[in-house]
Amino acid sequence: MAIESVILPEKLKKPKWLRVKLPVGKKYTELRTLVDKYKLNTICTSGSCPNMGECWGEGTATFMILGNTCTRSCGFCGVKTGRPDTVEWDEPEKVARSIKLMSIKHAVITSVDRDDLKDGGSIIWAETVDAIRRANPNTTLETLIPDFQGNTKQLDRVIEVHPEVVSHNMETVRRLTREVRIQAKYDRSLGVLKYLKEKGMRTKTGLMLGLGEKEEEVIQTMKDLRAVNCDIITIGQYLQPTKKHLPVQEFITPDQFKKYETLGLEMGFMFVESGALVRSSYKAHKHAV
């Protein structure tokens, strides 16, 4: 999500803590050159992630599979919605090759929702993890998966290839789920995380704040996540990608983010990444340890 292009209501001005430093450093420059030369598809660049320089410097990058058109139309997401292209069955090898070229130590793999496919895209998911393992045996992996409509057979395909971390984002609190994640369900997402944990996975989720949620609702969501033994949570500021998307209702202060971090650690989360510019893959490399 591009910070620079965020649309804000007239009554809200972007606070100083949302200012982004331009990515710098030798490692960043090297990887940027590789990405441009070989036209590698990373979410880091296509989403203009504010943490790109920091993550690349630590050897972490995020890749999206199964195309760039989603079958869902969530109110917060800048990915285009419509009829996706056909599946590219050589995509797993392409992603594995990109990771090798970039010498990535920890890769985060994510995807659009593919409700148009009978398998929800889970076969490509599993084949991508396998391909990365073959080409990059020392690279650790996080799979940031869709809910697969709660289909356990599709979840099992991801579980069987055993990435170090399996992530599925709740995105928002129960009350706002229908508006923010139109085709998703709060309890279904909790159920996905519960099932993954019961099968022995290290589980992770993410929340966006500033959509009109109340503090007590955020805390209740965190409690719901701990009730299904979710291990890791990221909490960041929602930023409106275009005028067609849900507006920002509030900018959460650094002190409030710190409060959620403290509460999360007290609840028993293994890791809590909480801050305005935190995104799902922020500090992801340490979550795999």
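**A walk through the predicted chain**

In this predicted model, residues 24 or more positions apart account for 75% of the contacts in the chain with a separation of 6 or more; contact means heavy atoms within 4.5 Å. Residues are numbered from 1 along each chain as its sequence is written. Local features need pLDDT of at least 70 and side-chain atom pairs count only at pLDDT 80 or more, while totals for chains, interfaces and linings use all residues, and side-chain values use heavy atoms, with hydrogens and water left out.

The chain has 11 helices and nine strands, taken as DSSP runs numbered from the N terminus (helices H or I, at least four residues; strands E, at least two). Its radius of gyration is 18 Å, close to the 19 Å that the globule rule gives for 289 residues, so the chain is as compact as a globular protein of that length. That radius is taken over C-alpha atoms, and the rule is 2.2 Å times the number of residues to the power 0.38. Of the 289 residues, 54% are buried (under 20% relative accessible area; exposed is over 50% and partly exposed in between, with a 1.4 Å probe and protein chains only).

Helix H6 (residues 152-161) and helix H8 (residues 186-198) meet at an angle of about 45°, and their axes are 11 Å apart. Axes are lines fitted to C-alpha atoms, for helices over the stretch in contact, and angles run from 0 to 180 degrees between N-to-C directions. H6 and H8 are therefore oblique to each other (under 35 degrees is roughly parallel, over 145 roughly antiparallel, 65 to 115 roughly perpendicular, and the rest oblique). From H6, Thr152, Leu155, Asp156 and Ile159 touch Val192, Tyr195 and Leu196 of H8. The residues of this contact comprise five nonpolar, one polar and one charged, where Ala, Val, Leu, Ile, Met, Phe, Trp, Tyr, Cys and Pro are nonpolar, Asp, Glu, Lys and Arg charged, and the others, Gly among them, polar.

Ile219 sits in helix H9 (residues 215-227) and is buried, at 17% relative accessible area. Leaving aside residues up to four places away in sequence, Ile219 touches Tyr260, Leu263 and Met267. Ile219 and Tyr260 are 41 residues apart in sequence, yet 7.7 Å apart C-alpha to C-alpha.

Two loops hold backbone exceptions. Ser103, between helix H4 (91-102) and strand E4 (106-111), has a positive phi near 55°. Lys283, between strand E9 (271-274) and helix H11 (284-287), has a positive phi of about 60°.
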